[in-house]
Amino acid sequence: MSGSTEAPATLRGRSSAETRSAVLDLIRSSGAISRVDLARRSALTEATISKIVKELLSAGLIVQSGYAQSTGGKRPALLRLNGGGAHAVGLTLDFHRCVIVLCGADGTELARKEVQGTGDDELVVTVDRLAAEVDGLLQQERVDRASITGIGVATAGRRGSPVGGIEPSSFDGWESYPVEAELERRTGFPVVRENDANCAALGEYWASQEPGRDFVAIYMSQGIGCGIVINGAIYRGASGNAGEIGHTTVDPDGLPCWCGSRGCLETVASPRSIVRAALAERGLRARLGVDDGTPPDRVYGRFLGLVADGDEQAGAILGRAAEHFAAAVVALVNTFDLDLVVLAGAGFAGAGEAFLTAARTRVEQTAFMRELHPITVRLAAVGSETAALGAASVVLHRHLTPHRTG
């Protein structure tokens, strides 16, 4: 019904700290907003808003940013998040390369550094090296260490200890390693560890202008997972491992997966599976110009180059992978009644349009709710390094808006 006068839901929390957190989140997501609009959109009294704004200004978390148009009286001052009021560091742990980003309080990337991957080095050696790289980036950017709210670490793999029957993945060593405590000891900063797909989802949420919107971010690097955001917080499941879309069966007669199942999405649509399929074709392998010692990420890059050049065999392999991926997207959309799916991660770089087109087409043609509401499938707004940015956003999320921390 048009012209609805339904009142907005109040942002008043169970405590004053929770209410303040919700108001700060509204300021963040609005970009710039006046006190009057804050009161209207939060359903809080102007006196309450005035008190919270005064506290946030005093803490340096927000600043005044110009004035809104006058409606007949004094022009109201606009408020926005203070991007320089706090900083966070995001770090991805990846076999081939690690990415470190420095972000302001508004989630804006201020600096980025790509460094050597974890590889086969001893874990303690890798953590020593990454701690030094973080320190070097802060010195390079001349950032006051007191302004750093923490370090977020994005990792693949499961949370908790594996329970028998599952073959070890390439990242099992990091699954049980206390990276938070070890990195905190070396840097002096609080460290929070999060699944890379959840990092991607929170990074997208933090960059958005839509507080509380439910969506799923599908993250593809070497494998495939998804972060599920409900009411501004990550849905985690019974053991904190919700979102393992890569281990849903899309081809019952397909190849065995390391998880113990068969025909999982990761076995047919991940960069690793695409590389395996490409190398199995003798003619295509020759055109790739690789050997057994070529790193998989480099093979994948060359494969995408052949796709871009119109190689039919390479294009067919990518097309089949994209169709399997699209089927999984529709399953997610139907399960959660989604109106937004975001594709994020380095695995989509160079291949994003193929996966995006296949997913959009399948959703438009077969999603169960397609005639009830629009369903948007798009690439991440924050680019291919979304896990590193998202890892920093995890820290900001906990520090600035704890009422939404899942």
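How many of the residues of strand β5 are buried? In this predicted model, β5 is mostly covered, with seven of its eight residues buried; a residue counts as buried under 20% relative accessible area, as exposed over 50%, and as partly exposed in between (1.4 Å probe, protein chains only). Because the model is predicted, local features need pLDDT of at least 70 and side-chain atom pairs count only at pLDDT 80 or more, whereas totals for chains, interfaces and linings use all residues. Residues are numbered from 1 along each chain as its sequence is written, and side-chain values use heavy atoms, with hydrogens and water left out. Helices (H or I, at least four residues) and strands (E, at least two) are DSSP runs numbered from the N terminus.

Strand β5 belongs to an open sheet of five strands in the order β6-β5-β4-β7-β8, with mixed pairing; two strands pair if DSSP finds at least two bridges between them. At the edges of this sheet are β6 (109–116) and β8 (191–195), each of which pairs on one side only. From one strand to the next, the twist averages 20 degrees. Axes are lines fitted to C-alpha atoms, for helices over the stretch in contact, and angles run from 0 to 180 degrees between N-to-C directions. Against the sheet packs helix α14 (residues 386–400), which touches β4, β5, β6, β7 (148–155) and β8, and whose direction makes about 140 degrees with that of β4; contact means heavy atoms within 4.5 Å.

Strand β4 (residues 87–92) pairs with β5 (residues 97–104) in the antiparallel sense over six bridges. The two strands form a hairpin with four residues between them. Within this pairing, V89 has L102 of β5 as its bridge partner, and H87 is bridged to G104 of β5. Strand β5 is also joined to β6 by seven bridges, the two strands running antiparallel, and V101 has R112 of β6 as its bridge partner. The hairpin of β5 and β6 likewise has four residues between the strands, and G107 in this hairpin takes a positive phi near 85 degrees.

An open sheet of three strands has the order β1-β3-β2, with antiparallel pairing. Strands β1 (33–34) and β2 (62–67) stand at its edges with a single partner strand each, so one side of each is left without a neighbour in the sheet. Strand β2 is joined by four bridges to β3 (residues 77–81), and these two run antiparallel; Q64 has L79 of β3 as its bridge partner. Helix α1 (residues 16–30) lies across β1, β2 and β3, running at about 100 degrees to β3.

Two helix pairs were examined. Helices α2 (residues 35–42) and α3 (residues 46–58) pack at an angle of about 120 degrees, with their axes 9 Å apart. This angle makes α2 oblique to α3; angles under 35 degrees count as roughly parallel, over 145 as roughly antiparallel, 65 to 115 as roughly perpendicular and the rest as oblique. Residues R35, L38, A39 and S42 in α2 meet E46, I49, V53 and L57 in α3. By class, this contact of α2 with α3 has five nonpolar, one polar and two charged residues, where Ala, Val, Leu, Ile, Met, Phe, Trp, Tyr, Cys and Pro count as nonpolar, Asp, Glu, Lys and Arg as charged, and the others, Gly among them, as polar.

Helices α11 and α12 pack at about 110 degrees, with their axes 8 Å apart, which makes α11 roughly perpendicular to α12. Their contact is made by F303, L304, L306 and V307 of α11 together with A314, G315, I317 and L318 of α12. These residues divide into seven nonpolar, one polar and no charged.

Several loop residues complete the description. V290 lies between α10 (282–288) and α11 (296–308) and is buried, with a relative accessible area of 12%. Not counting residues up to four places away in sequence, V290 touches L279, R285, V299 and R302. V290 and R302 are twelve residues apart in sequence and 8.9 Å apart in space, C-alpha to C-alpha.

Most residues other than glycine have a negative phi. R142, in the loop between α4 (123–141) and β7, has a positive phi of about 55 degrees although it is not a glycine. At 78% relative accessibility, R142 counts as exposed. D337, in the loop between α12 (312–336) and β12 (340–344), has a positive phi of about 50 degrees and is not a glycine. D337 is partly exposed, with a relative accessible area of 43%.
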